[in-house]
Structure formats: C-alpha cells, structure tokens
Amino acid sequence: MPTKLYIAFAPLQGYTDSAYRRAHHECVGGVDEYYTPFVRIEGGEVRKKDLRDTDPEANAGVPTVPQVIAKDGDEFARLCDALQGQGWGRIDLNMGCPFPMQVKAGRGSGLLQHPDHIEEIQREMLRRPEVLFSVKMRLGQESMDEGLALMPIVNDMPLVHVTLHPRLGRQQYKGVADREAFSRFYELCRHPLVYNGDIATMEDASGVQQRCSGLKGVMLGRGLLAHPWMLGDKEPAQVLQDMHATVYRHAAENLCGDSQILARLHAFWEYVDIPHKQKKAIMKAISLPRYRETVAAAMPVL
Ligand SMILES: Cc1cc2nc3c(=O)[nH]c(=O)nc-3n(C[C@H](O)[C@H](O)[C@H](O)COP(=O)(O)O)c2cc1C
C-alpha cells in the first residue's frame with residue numbers, strides 16, 4: 001500500500017507570490033508545502049523585493065519553503081544569512097532554473113556544470129545544522145551525464161529531499177519530462193525524492209508513484225496553476241472567485257499604478273483552464289474598471 005504522497009506547490013516566478021500562495025492555502029488547501037520563487041542576489045545585494053515575498057508575516061499560517069538561487073558558496077551563504085535573519089529554518093536551493101541569464105552566471109541549471117561550486121555550497125550547508133535544506137534540480141544543463149556525475153556530492157549533502165525535474169536545462173520547457181531518466185536517478189539518489197514535471201492530474205501523480213514505489217511525493221506547477229481547485233472539493237468557479245479576491249486585494253494594496261496591478265492580475269488568469277472566450281476578454285481588458293467588469297461578467301460562466 002503506497003504511503004500518502006507529499007504534495008508541493010512549485011515555485012513559479014511571477015505567479016506564485018505570497019498572496020497567491022495564501023489564497024490557495026486558504027481557499028483550497030491539500031498542499032503540504034508551498035515553495036517561493038527564488039530569492040537572488042542582484043547588484044551585489046540580496047533583492048529587497050524577494051525578501052518582501054519571504055517576509056514571515058506575509059507567509060504566516062501558510063506552510064512555506066523559501067528558495068534561493070546561488071552560483072557558489074559565498075552567494076549561498078549570504079542568501080541563507082538573509083533568510084535565517086528573517087527566522088527561516090528551512091531553505092531550498094535552485095539547481096534547475098534554465099533562464100539563460102542565470103545559467104550563464106553559473107546559477108540554476110548552470111550550477112550543475114560546476115561541481116566545485118556545489119561542493120562549496122555543501123560545506124556551507126554543513127556549517128548550518130540548524131537549517132533543513134533541500135535541492136530542486138534538473139538532469140543536467142547540456143547532458144544527463146552532468147547530473148549523474150553529481151550524485152555522490154548530492155548524496156553527501158544534508159538534505160530532507162531532492163526534487164528532480166527530469167529535463168535538461170538547455171531544453172528549458174520544451175519536449176516532455178523524461179520519466180525514464182527520473183527512474184534512473186531514483187535508483188541512485190540516497191535522499192527521499194520528489195518528482196516534478198508535467199503532472200496535470202492526481203491520477204498522473206499516482207502513475208509516477210507506481211513507477212517508483214518509495215517516492216516521497218510530487219511537486220505540481222503549471223498543472224495546479226491551470227486547475228487550482230484540483231486538490232479540494234470546492235467548485236472551480238468558487239475557488240477562482242475566492243482566490244482572485246485575495247490576489248486582487250494584495251495587488252491593489254502593494255503595487256504602484258494600474259498597469260502593474262493589471263499585469264499581476266492578468267498573470268493570475270494566464271494558465272487557468274477556463275473557456276477561451278472568457279480568458280481572451282479578461283486578457284484584453286486594458287484598464288482596471290474594464291478588467292473588473294470583464295471578470296464580473298465572466299465569473300458566472302466559469
Ligand atoms: C514562469 C515560470 C517561472 C518559474 N519560476 C521558478 C522558480 O522561481 N524556481 C524554481 O525552482 N522553478 C521555477 N520554475 C519551474 C517550476 O517550478 C517547475 O519546475 C516547472 O514548471 C515544471 O513543473 P510543471 O510541469 O509541473 O509546471 C518556473 C517555471 C515557469 C514556467
């Protein structure tokens with residue numbers, strides 16, 4: 001009898017900010033942990049905007065894991081200092097972001113090509129036994145051999161689990177997630193393993209669990225953005241209405257100017273699985289009053 005799967009909401013920069021995570025937790029639930037989009041260093045400083053999103057007050061009552069992206073031990077240490085300074089005792093490391101700017105700087109999936117930097121990070125983790133760490137990684141940047149070669153280092157890291165997205169960094173989000181390759185990593189990984197990639201339904205998640213019987217869990221990203229009601233028992237329209245109200249309020253209170261607010265609200269709808277006609281009308285609304293009208297008109301038919 002398989003044990004209950006751990007379910008994580010994937011970090012999605014621009015979509016799963018603290019308001020969205022709270023809205024989902026309060027309106028739907030069913031998620032064990034919500035990962036924040038990565039906190040990064042920019043212009044030599046830990047980005048203030050990122051730290052606002054990980055502010056414990058903004059995340060109170062929501063099971064949250066802050067994520068960092070770093071190119072070496074030094075950056076990693078500074079990011080951990082900032083998060084531990086906020087009171088966090090749980091940190092996830094991104095070794096999978098495929099965005100060219102990050103990869104070129106040796107971060108995200110670019111870090112997978114620098115085993116020496118990963119070892120620096122590992123030493124930094126060992127210096128912080130009070131923190132529970134995890135990593136989220138891809139198979140490699142250019143080839144799967146990179147990830148396989150890293151397994152001894154990853155196995156020696158003090159981790160609660162590894163989340164593996166079985167694509168290469170150079171693929172970005174093209175092609176399909178390679179579940180065969182995931183099974184190979186599963187055999188080699190000493191840590192509990194979490195599967196991430198292209199899961200659209202819980203039946204699909206059970207399929208992955210059947211392949212790897214000791215799997216810790218699954219991390220859901222775009223599938224949950226499309227069907228945020230998926231893990232609960234409320235009607236989709238009710239979930240959308242409640243979540244939208246929270247995200248709207250937060251955007252109106254925290255962003256400057258209608259165009260920034262509209263951009264955030266359009267992102268709310270971007271992946272949601274609603275009829276094309278309604279989505280198109282919402283996306284075309286270019287003023288807040290028009291947007292409010294369009295959403296109010298769409299709600300009853302969603
Ligand atoms: C727009 C966008 C933003 C993302 N931001 C992050 C991020 O900040 N940190 C991270 O680890 N992964 C990030 N990802 C990757 C997702 O967390 C996830 O690994 C990926 O979407 C595959 O899972 P899915 O098929 O369930 O969506 C992002 C993906 C997308 C499409």
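Of the 21 residues around the ligand, those that come nearest are A10, Q13, P37, G221 and R222; a residue counts as near if its C-beta atom, placed from the backbone, lies within 6 Å of the molecule. The model is predicted: local features need pLDDT of at least 70, side-chain atom pairs count only at pLDDT 80 or more, and totals for chains, interfaces and linings use all residues. Residues are numbered from 1 along each chain as its sequence is written. The shell around the ligand holds eight nonpolar, 10 polar and three charged residues. Here Ala, Val, Leu, Ile, Met, Phe, Trp, Tyr, Cys and Pro are nonpolar, Asp, Glu, Lys and Arg are charged, and the others, Gly among them, are polar.

Helix 1 (residues 18–27) is largely enclosed by the rest of the structure, because eight of its 10 residues are buried. Buried means 20 or more other C-beta atoms within 10 Å of a residue's own, again placed from the backbone. Helices are DSSP runs of H or I with at least four residues, and strands are E runs of at least two, numbered from the N terminus. The buried set comprises S18, A19, Y20, R21, R22, A23, H24 and C27. Their cover includes strand 1 (6–9), strand 2 (33–35), helix 2 (48–54), strand 5 (64–65) and helix 10 (236–254). Contact requires C-beta atoms, placed from the backbone, within 7 Å. Just after helix 1, G29 adopts a positive phi of about 75 degrees.

The largest nonpolar core has 69 residues, of which F9, V68, L79, V135, V218 and V247 touch the most other members. Such a core joins buried Ala, Val, Leu, Ile, Met, Phe, Trp, Tyr and Cys residues through C-beta atoms within 7 Å. Helix 10 gives the most to this core, with six residues.

Definitions and conventions:
Buried ≥ 20, exposed ≤ 12 C-beta atoms within 10 Å, placed from the backbone. Contact = placed C-beta atoms within 7 Å.
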